[in-house]
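Subject: Structure handover

Hello,

Here is the structure I promised to pass on. My notes on it follow below.

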2 protein chains.
Amino acid sequence: MEIEGKLAQLKTKLNEIEDLKYAISVLSWDQQTQMPPGGANGRGHQVSTLARLAHTKFVSPEIGQLLQDLKPYAAESEPDSDDACLIKVASREYEKLSRVPSDLVAEFARITTESYGVWEEARNEANFSKFQPYLTRIVELRRQYADCHPYDHIYDPLLEDYEPGLKTTDVKEIFEALRPKQVELIQAIGARPQVDDSFLYKSYDETKQLEFSVNVITQFGYDWKRGRLDKSAHPFTTRLGQSDVRITTRVYPDNFASAFFGTTHECGHALYEMGVDPSLDRTTLGEGASYAMHESQSRLYENLIGRSRDFWIHFYPRLQEIFPAQLGNVELDQFYKGINRVQPSFVRVEADEATYNLHIMLRLELEIALMEGSLEVADLPEAWNARMQDYLGVIPPDDRQGVLQDVHWSSGYFGYFSTYALGNLIASQIWESLKSEIPDLATQIRGGQFSALREWLRQKIHCHGKKFEPQDLVERVTGSKIDPAPYMRYLQEKYREIYKL
Amino acid sequence: MEIEGKLAQLKTKLNEIEDLKYAISVLSWDQQTQMPPGGANGRGHQVSTLARLAHTKFVSPEIGQLLQDLKPYAAESEPDSDDACLIKVASREYEKLSRVPSDLVAEFARITTESYGVWEEARNEANFSKFQPYLTRIVELRRQYADCHPYDHIYDPLLEDYEPGLKTTDVKEIFEALRPKQVELIQAIGARPQVDDSFLYKSYDETKQLEFSVNVITQFGYDWKRGRLDKSAHPFTTRLGQSDVRITTRVYPDNFASAFFGTTHECGHALYEMGVDPSLDRTTLGEGASYAMHESQSRLYENLIGRSRDFWIHFYPRLQEIFPAQLGNVELDQFYKGINRVQPSFVRVEADEATYNLHIMLRLELEIALMEGSLEVADLPEAWNARMQDYLGVIPPDDRQGVLQDVHWSSGYFGYFSTYALGNLIASQIWESLKSEIPDLATQIRGGQFSALREWLRQKIHCHGKKFEPQDLVERVTGSKIDPAPYMRYLQEKYREIYKL
């Protein structure tokens, strides 16, 4: 009885903290999609106050004591049970967040909220100097945050916020194994005749683009009673509650790929959050397991499905009907090759699957250098461009398409980028498991059937929320930890055919 | 020094509470304009948690002690100074809110947040029984709230939340003086030939309606960098910070008046909030003085300006240009009479100025009866319709146009409605002062010039925020407390001319 009482107390306290975090997410969604520019300063204060409260409440002695008292109960419970996992994960986060002063949390929330609008303006004007003082302060605060914790490498505590259990050396190791293979593949492709994708850059009516994307993600299973789609400078997905999971996209009138693949990407994230078991809502476990696990879902829908031939066998005739002038004379095969064209480019989110991870590796190195202090924020644009030249052989014409392209740093998301590349790897691992467990998956996709796929992902991954550590979850689902081999197999097989390597 | 330190401490604590209240307002705005239906339950928890926190923090012993310690300082300060007013107003609210348990505040916030969606559905379906259990619970909670306080009448503590200093007997007295005169006026009008307003109910393109309204409120001075306009089931204005004051409206394709007068009404509210001195933001004083003061501003822009001949001398040719088929053959004089047609009707927000206050009196009586317990929620639709027959001689065809028409009760706003009628009275008082202090006001309005008017209101009323009690503020601006005489003079003069009484 006493244990039950304590568990109920713990959950009530966690509910309150999750409500505060949901409120922060509403404020942030509003800021990125609705808020008038005048609101930025006030919004900074509001988010800062809520973040401070959520932090203070979480690291309170009462929660510490409850977690302590419940540890024996967790130890003797079934390890996979919701309660055991909740106590374990909440204890891990408690241990970590207790080391951080609430003042630092509040100041970080304020500056990153205010800096969003500054980044947006700086990006629109391709004017890094406008963003520089904010980024300098953010880097400073992230270093202070890292220094609250014991670490082998100063980047570890940041990375761990996104990928519990993963170290900087682990990521470096994975990336170092991957990079030469990706570079080799890109070089082999570069030696072959290029495929044409000019038809993707014709004039595409924005409303029709959105309608088509909406139709596709509806068939993927996005539940409109529990979500909505808006436009924002940078696409994102946000969970504002178990039954309010929103996505955003951006639409360009002269680029079909951007809105479509962006929307399917965010849909992958949203299906994850919509599939979390409702009983975990308003607790520490009520969200996806990690950012890499999340990216595995978004990249799976965006690429493994959205850029597959099977998918377009079903949808391409529909797309041609909507855009006859643009695509009427483009054969399915041409279209398929076009959306998979490999071409070193400036913008990560528009990058093809072969070059994508190089964009990530560049960011990882820059983030590590900023955290180590070996790179100054003032020197960032130059360092960015130098690495672009080095890794991809191209230099962005301005900072809008260079160092300012991503929203992440304005939000202080240092440690996030690696998870995109890791997500690519995990997506391919999951894809292999999926194909072996749903033997007619390809046939289903060719028929526009996505429910068995979604259900499989829901049962194997989504429903568990944050119960399991990401590496553990990957192993449960695929039989091995994060492994680059399936990804390389996937890329090689795909591009061998497209580029006749 | 010690006093300065305590004052700074108090302000820091109040800042935090105001941030929480702003966050609640963002969540509520989102719910009414953006949220998918699935979000209702989670939103109820979120708002409940924030409301509990804001309440607990405000009634904390620390704030109580600070207010106590600062009382002597307030007493010896200039009584109109920001600090003296802050200490006085915060003490008054502290004294009141300390009597209320946080559990009651949280439960009230949860149920009123959840009930919004239920009301919206019930209203759309004209199905009162769907809303009834929620309203029953809300009435129960409002009675509990009232019972936390000492009172002469159970309705007093509710009314006082909207109109500090005003008692139920005061309002009854004002209304009793007013009612026979309004009824007499309506009867006199009823004996005259009716004016035509059928042209207002032609087909009006929704986008063009909105564009015209946007153009007008831009000229009134609504600052789009600090606000935005959205659609909602019931129009409202919300302050999400000093520089984020949003309005909503609703647009009907077959009713020009609804969106236009609704939007100008909300613009009046917004100009008030946008005009509050920025130094008062994030304190107890950072909002309008009271709901009646607020309504005086919204009704002033909606009616005293928006339904005046002077206003349309400037804008009517522009409106005719936009809607030539609907209004090309309608003379200015006809149009002016049409938008001022007196006709007992079902819906308060669409009511003319002569009958409007009767809608309010009906609500006041029903609210008082519900609070006294002499009326059951189950009997409300019948009581509503009986009074409609009695006061206005019409019975709504369904509850959508009857008891379900207003959002207020779903939000638990018992005590709010009277402020609309009081606002009408104050607006006329202010109007008389305005005309004597800006002698060429009519000429300015005929020329589409609104800046002197806005500046006068800002300096006399808006900038003070909540510093002064509403009756005191009315007296400062107009030389007397709330007084029905100017309103009756205004109505009689206006309708004498229109209906040739």
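I start with the strands. In chain B, β1(B) and strand β3 (residues 245-249) run parallel and are joined by 3 bridges. Across that pairing, Leu229(B) stands opposite Ile247(B) of β3(B). Please keep in mind that this is a predicted model.

The two strands belong to an open sheet of 3 strands in chain B. The order is β1-β3-β2, and the pairing is mixed. At the edges are β1 (229-231) and β2 (237-239) of chain B, each pairing on one side only. From one strand to the next, the twist averages 25°. A helix goes with the sheet: α1(B) lies across β1, β2 and β3 of chain B. Its direction is about 150° to that of β2(B).

Next, the helix pairs in chain B. Helix α8 (residues 168-190) and helix α21 (residues 485-499) of chain B have axes that come within 11 Å. They cross at roughly 5°. Angles under 35 degrees count as roughly parallel, so α8(B) and α21(B) are roughly parallel to each other. On the α8(B) side, the contact is made by Lys181(B), Leu185(B) and Ile189(B). On the α21(B) side, Met488(B), Leu491(B), Gln492(B), Tyr495(B) and Tyr499(B) make it. By class, that contact has 6 nonpolar residues, 1 polar and 1 charged.

The second pair is helix α17 (residues 418-437) and helix α20 (residues 470-478) of chain B. Their axes come within 9 Å and cross at roughly 25°. That angle makes α17(B) roughly parallel to α20(B). From α17(B), the contact takes Ile426(B), Gln429(B), Ile430(B) and Ser433(B). From α20(B), it takes Val474(B), Val477(B) and Thr478(B). The classes here are 4 nonpolar and 3 polar, with no charged residues.

Now the domains of chain A. Domain 1 covers 2-148 and domain 2 covers 168-499. Taken over C-alpha atoms, the centres of the two domains of chain A are 26 Å apart. How many residues are in contact between them? In chain A, 36 residues of domain 1 are in contact with 35 residues of domain 2. On the domain 1 side, α1 (2-33), α4 (82-97), α5 (102-124) and α6 (128-147) of chain A each supply at least two residues. The largest share of that side, 11 residues, comes from α1(A). The residues on the domain 1 side divide into 19 nonpolar, 8 polar and 9 charged.

Last, the two chains. Between them, 33 residues of chain B are in contact with 33 residues of chain A. On the side of chain B that touches chain A, α1 (2-33) and α2 (40-58) of chain B each supply at least two residues. That side of chain B divides into 12 nonpolar, 12 polar and 9 charged residues.

How are the copies related? A rotation of 180°, with 0.0 Å of shift along its axis, superposes chain B on chain A, and the RMSD is 0.0 Å. The two copies are thus related as by a two-fold rotation axis. The same surface serves both copies, as 100% of the contact residues of chain B recur in chain A.

Best wishes

How values were computed. Residues numbered from 1 in each chain as written. Chains lettered and ligands numbered in written order. Predicted model: local features only at pLDDT ≥ 70, side-chain atom pairs only at ≥ 80, totals over all residues. Least-squares fit on C-alpha atoms with pLDDT ≥ 70 in both. Contact = placed C-beta atoms within 7 Å. Axes fitted to C-alpha atoms, helices over the stretch in contact; angles between N-to-C directions. Helix = DSSP H or I, 4+ residues; strand = E, 2+ residues; numbered from the N terminus. Parallel < 35°, antiparallel > 145°, perpendicular 65-115°, else oblique. Nonpolar A, V, L, I, M, F, W, Y, C, P; charged D, E, K, R; others polar. Domains from an automatic or database assignment. Pairing = 2+ DSSP bridges.
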